[in-house]
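Okay, thanks for making time.

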Amino acid sequence: MLIAGFPAGAWGTNCYLVAPAAGEECVIIDPGHQATQGVEDALKKHRLKPVAVVLTHGHIDHVASVVPVCGAHDVPAWIHPADRFMMTDPEKALGRSLGTQLMGELTVGEPDDLKELTDGAELQLAGLDFTVAHAPGHTKGSVTFQLPEAADIPSVFFSGDLLFAGSIGRTDFPGGSHTEILESLGRVCLPLDDSTVVLSGHGPQTTIGQERATNPYLRQVAAGLGADETSAPRRGM
């Protein structure tokens with residue numbers, strides 16, 4: 001399997017291209033702010049043909065390049081219905097102005113073909129099987145994508161802004177909920193095998209085993225301590 005990732009834009013949002021191998025079809029995950037050129041460079045480098053864009057949630061740092069990427073390659077995008085409004089009204093999703101100095105020009109709106117994700121859905125795209133899990137907390141429509149273990153390759157978990165190396169997504173934007181994100185961590189993350197590779201929306205790669213042992217939020221959930229705030233920082237836009 002081939003996974004090519006790069007941090008894009010003002011918030012260093014991780015965009016991933018996933019394919020069975022170089023020279024084959026691929027899926028693009030979270031083409032965010034200023035990700036268009038990085039996507040094109042990765043497609044060319046690995047000789048990939050995109051067939052779909054899938055989105056972990058609707059914040060502008062994860063979706064800002066969806067319209068140009070989908071338009072250039074005539075492919076659909078997938079998003080959870082609870083976050084769909086964010087594609088046309090990103091400031092409502094954040095509860096504040098984005099600021100043109102930082103963001104520059106944006107292509108706000110929906111691509112021509114926008115499909116909706118559901119919890120537990122199995123997406124068969126580019127010869128790969130993605131399992132969708134609805135994981136609210138960072139946003140109401142946050143989802144994760146998991147690829148199954150295959151041969152000597154461990155399972156891969158695209159966590160979006162649910163789980164980071166050493167942290168979790170912030171919950172202070174409209175639609176965010178600390179209680180919900182802890183519930184999502186327990187329901188979606190804790191059952192995964194320790195060997196599962198975690199590719200987050202921001203920051204470095206980690207594993208479920210590493211986070212189970214060291215992440216204060218995941219440890220809190222595993223210990224059944226409820227929704228009390230910890231002093232550890234949270235990440236994401």
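So, which strands make up the open sheet of six, and in what order do they sit? Reading across, you get β7-β8-β9-β10-β13-β14, and the pairing is mixed. Before I go on, please keep in mind that this is a predicted model.

Let's stay with that sheet. The edges are β7, residues 122-125, and β14, residues 206-207. Each of those has a single partner strand, so one side of each is left without a neighbour in the sheet. β7 and β8 run antiparallel and are joined by four bridges, with Leu125 standing opposite Leu128 in β8.

The chain has eight helices and 14 strands, and 53% of its 237 residues are buried. If you take contacts between residues at least 6 apart in sequence, 63% of them join residues at least 24 apart.

Ala126 sits in the loop between β7 and β8. Is Ala126 buried or exposed? Its relative accessible area is 10%, and under 20% counts as buried, so Ala126 is buried. Now look at Cys26: that's 100 residues away along the chain, yet the two C-alpha atoms are separated by 5.3 Å. Leaving out neighbours within four places in sequence, Ala126 touches Pro20, Glu25, Cys26, Val27 and Val51.

Four of the five residues of β3 are buried, so the strand is largely enclosed by the rest of the structure. On the β2 side, the two strands run antiparallel with three bridges, and Tyr16 has Ile29 as its bridge partner. β2 and β3 form a hairpin, with five residues between them, and Gly23 in that turn has a positive phi of about 80°. With β4, residues 49-54, β3 runs parallel, and five bridges join them. Over there, Glu25 stands opposite Lys49.

While we're on backbone angles, two residues other than glycine also have a positive phi. Asp30 is at about 55°, in the loop between β3 and α1. With 2% relative accessibility, Asp30 counts as buried. Arg47 has a phi near 55°, and you'll find Arg47 in the loop between α1 and β4. Arg47 is exposed, though, with a relative accessible area of 57%.

Next, the cores. How many residues does the largest nonpolar core have? That one has 28, and the residues with the most contacts inside it are Leu17, Ile28, Val53 and Val66.

On to the helix pair. α1 and α3 pack at an angle of about 35°, and their axes are 9 Å apart. On the α1 side the contact is made by Thr36, Val39, Glu40 and Leu43, and on the α3 side by Pro68, Val69 and His73. By class, that's four nonpolar, two polar and one charged.

Last stop, Thr139, back at the sheet. Where does Thr139 lie? In the loop between β8 and β9. At 0% relative accessibility, Thr139 counts as buried. Its side chain makes a polar contact with the side chain of Ser142, at 2.7 Å. Setting aside neighbours within four places in sequence, Thr139 is in contact with His57, His59, Asp83, Met86 and Gly175.

That's my tour, so let's discuss.

Notes. Residues numbered from 1 in each chain as written. Predicted model: local features only at pLDDT ≥ 70, side-chain atom pairs only at ≥ 80, totals over all residues. Heavy atoms only, no water. Core = buried A, V, L, I, M, F, W, Y, C linked by side-chain atoms within 4.5 Å. Buried < 20%, exposed > 50% of the residue type's maximum accessible area, 1.4 Å probe, protein only. Axes fitted to C-alpha atoms, helices over the stretch in contact; angles between N-to-C directions. Contact = heavy atoms within 4.5 Å. Nonpolar A, V, L, I, M, F, W, Y, C, P; charged D, E, K, R; others polar. Polar contact = N/O pair within 3.5 Å; in protein donor to acceptor, adjacent residues only side chain to side chain. Pairing = 2+ DSSP bridges.
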